[in-house]
Amino acid sequence: MDELTLIEKAKLGNKSALNTLLKENYNIVKGYIIKMTADPVLSQDILQETMLKAVLNINKFSPKAKFSTWLITIATNVYRDTLRKNKPITELDENIISASDNPEKIAVSKLEYAEIVKVIQSLPYDKRAVFILKHFNNYSYEEIADILNCPVGTVRSRLHYSVKYIMAELEKRGIVNE
Amino acid sequence: MSKEDKIINSLIDKHYNEAYDINVLKENKNIESLENKIEASVNKMDLLDDMDFSFDIDTLKIIEQAEQIQTRKNSIEENLYFIIASVLILSIFGVIFICIGIKSVIYFEIALICIMPWSLIPFSIYGLRGRQDE
């Protein structure tokens, strides 16, 4: 069943269709939130609230964009609200890297990995969101502008800033050579 | 904006398959090292793809939770409408009584006492018929 049909059914109150929609987009949103927060407790809270808000407002969703894009928009807003409320963010756990089946990646030291997480977390949230959405989710500037509700030019400059910042930080920390 | 900044910005746009100023890159020949640096830096960030936390969320439970919230919200709305309607009706009666005079309240009550018992007759007839049919 395609996404549009599922959305129509979900709007009519079909629980199964709504559940399928949420399950199909679960990993995309989870990945985005995890990269944004780097915190297991916060990620779980935000994911739960995002899903709840999506279910409550399913009738407001117009299928101009993908359902996953809409969920990411909600997740971004929930995360921004959480930051405003100044929820304490726990320290980064160095063991959060999952057991990957790629031996090359396993070989990378935990220290280097932790440094990379620190670099992304030290970016301001709006710039971090742009970088994650562009680099990992491969959204276009226009789509990111819709998600973050800002002009395309702002998205472009935020990405430029983020990449330059990452380059400088990785070089400073000796992860990438000049 | 410095010349190097312009080159880096164009290279970033190029890396992410977005529209970029090709003239800026054509004018400068030593952009390869900068391009490699950008590639190496952003590719390093791919390590974040391995970040995962072992938690799972029961989506069906969330749907049920949302239903409960919706039901609660609806009942609050209904109560609110009831209160508003009651206040509105009572206010209308109040205004009418003030305009017509306080004596009319007593007349209205007497009329109500006289009419109300009669209104019960159709209900009792309907009830009796129902019993007879059984």
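1. How much area is buried between chain B and chain A, and what share of it do carbon and sulfur atoms give? The buried area (the accessible area, 1.4 Å probe, that two parts lose on being put together, summed over both) is about 4400 Å², and carbon and sulfur atoms give 69% of it. Met45(B), Phe53(B) and Phe55(B) supply 16% of the area that chain B buries against chain A, more than any other three residues.

2. This is a predicted model, in which local features need pLDDT of at least 70, side-chain atom pairs count only at pLDDT 80 or more, and totals for chains, interfaces and linings use all residues. Residues are numbered from 1 along each chain as its sequence is written, chains are lettered from A in the order in which they are written, and side-chain values use heavy atoms, with hydrogens and water left out.

3. In contact terms (heavy atoms within 4.5 Å), 35 residues of chain B meet 49 residues of chain A.

4. Eight salt bridges are found across the interface of chain B and chain A, a salt bridge being a side-chain nitrogen of Lys or Arg within 4 Å of a carboxyl oxygen of Asp or Glu. Asp5(B) forms a salt bridge with Lys164(A), with the closest N and O atoms 3.3 Å apart.

5. Within chain A, the axes of helix α1 (residues 3–11) and helix α2 (residues 15–37) come within 8 Å and cross at roughly 135°. Helices here are DSSP runs (H or I, at least four residues), numbered from the N terminus; axes are lines fitted to C-alpha atoms over the stretch in contact, with angles from 0 to 180 degrees between N-to-C directions.

Key
Helices (H or I, at least four residues) and strands (E, at least two) are DSSP runs, numbered from the N terminus.
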